[in-house]
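Dear colleague,

I am passing the structure on to you below, with notes on what was found in it. Please read them alongside the coordinates and tell me where you would look further.

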Amino acid sequence: MIKVLIVDDHEMVRLGLATYIGVQPDLEVVDQAENGQEGVDMALKDRPDIILMDLVMPVKDGITATKEILKAWPQARIIILTSFIDDAKVYPAMEAGAASYILKTATAEEIAKAIRQTAKGERVLEPQVTTKMMNRMNHPQPQYDELTNREREVLQLIAQGKSNQEIATELFITLKTVKTHVSNILAKLDVEDRTQAAIYALKHGLVKNDQGDDGVATRDH
């Protein structure tokens, strides 16, 4: 039996997957999690053969959960099962160590097949994901390309020395949302702090800098 853990914040999705998987003679759902943190906890407790992981969830997103599971248990086999096909989701998910990436538009039979193949050590990728990964290998894109339009706006304001509160006011968003964008920016650019993010923006010509890199002002509040 291939033991499967389902991690998804939508109850109907979990129910549908569990119902179909449950009637397969070689597949068994061992548990269900409704957010990324529960997914991490259950994965490390149950050690299932396959983890079906959604990407956008409360408490902890699927990419973060994938990283944490694989850090603690490198042998885990995680299938990203999501509705998202944009670069900002695909690349981080694959770089986090996901074994396979399929869309929720796949049929139940296709999902079951992907589970079986991934359990055998094969990689199953949505055709669009395969194309994206091949293009990325042949034509590496700057990390900046992974940022959303809003994250680019936040990055430019960081490089201008704006505080989180000032950014929130200027963009008409909450302080909590700004902090989330800043966290995403640091992760996507692979930098440690706001100063490094600001320098990245300046070096790549994303903002005007009359003072030079040493004149970058970055505040955390």
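A crossing of two helices is called left-handed if the near helix is turned anticlockwise from the far one by less than a right angle, and right-handed if clockwise. Helices (H or I, at least four residues) and strands (E, at least two) are DSSP runs, numbered from the N terminus. Please keep in mind that this is a predicted model, in which local features need pLDDT of at least 70 and side-chain atom pairs count only at pLDDT 80 or more, while totals for chains, interfaces and linings use all residues. Residues are numbered from 1 along each chain as its sequence is written, and side-chain values use heavy atoms, with hydrogens and water left out.

By that convention, the crossing of α9 and α10 is left-handed. The contact is made by Val182, Ile185, Leu186 and Leu189 on the α9 side and by Arg194, Ala197 and Tyr200 on the α10 side, where contact means heavy atoms within 4.5 Å. These residues divide into six nonpolar, no polar and one charged, with Ala, Val, Leu, Ile, Met, Phe, Trp, Tyr, Cys and Pro counted as nonpolar, Asp, Glu, Lys and Arg as charged, and the others, Gly among them, as polar. The axes of α9 (residues 175-189) and α10 (residues 194-203) come within 10 Å and cross at roughly 65°; axes are lines fitted to C-alpha atoms, for helices over the stretch in contact, and angles run from 0 to 180 degrees between N-to-C directions.

Turning to the strands, Ser100 is found in β5 (residues 100-103) and counts as buried because its relative accessibility is 0%; buried means under 20% relative accessible area, exposed over 50%, and partly exposed in between (1.4 Å probe, protein chains only). The side chain of Ser100 reaches the backbone nitrogen of Val124 at 3.0 Å. Leaving aside residues up to four places away in sequence, Ser100 touches Ile78, Ile79, Ile80, Thr118, Glu122, Arg123, Val124 and Leu125.

The structure holds 10 salt bridges, each being a side-chain nitrogen of Lys or Arg within 4 Å of a carboxyl oxygen of Asp or Glu. One of them joins Lys104 to Asp8, with the closest N and O atoms 2.8 Å apart. This pair links distant parts of the chain, 96 residues apart, with Lys104 in the loop between β5 and α5 (108-119) and Asp8 in the loop between β1 (2-7) and α1 (11-22). Lys104 is partly exposed at 26% relative accessible area, whereas Asp8 is buried at 2%. Lys60 and Glu68 also meet in a salt bridge (2.9 Å, N to O); here Lys60 is buried at 15% and Glu68 is partly exposed at 31%. In the salt bridge of Lys120 with Glu122, the closest N and O atoms are 3.8 Å apart, with Lys120 exposed at 61% and Glu122 partly exposed at 36%. Salt bridges that share partners join Asp8, Asp54 and Lys104 into one network.

Finally, some backbone angles deserve a look. Phi of Val59 is near 70°, a positive value in a residue other than glycine; Val59 lies in the loop between β3 (50-53) and α3 (62-72) and is exposed at 66% relative accessibility. Phe172, which is not a glycine either, has a positive phi of about 60°, lies in the loop between α8 (164-171) and α9, and is exposed at 75%.

Key: Polar contact = N/O pair within 3.5 Å; in protein donor to acceptor, adjacent residues only side chain to side chain.
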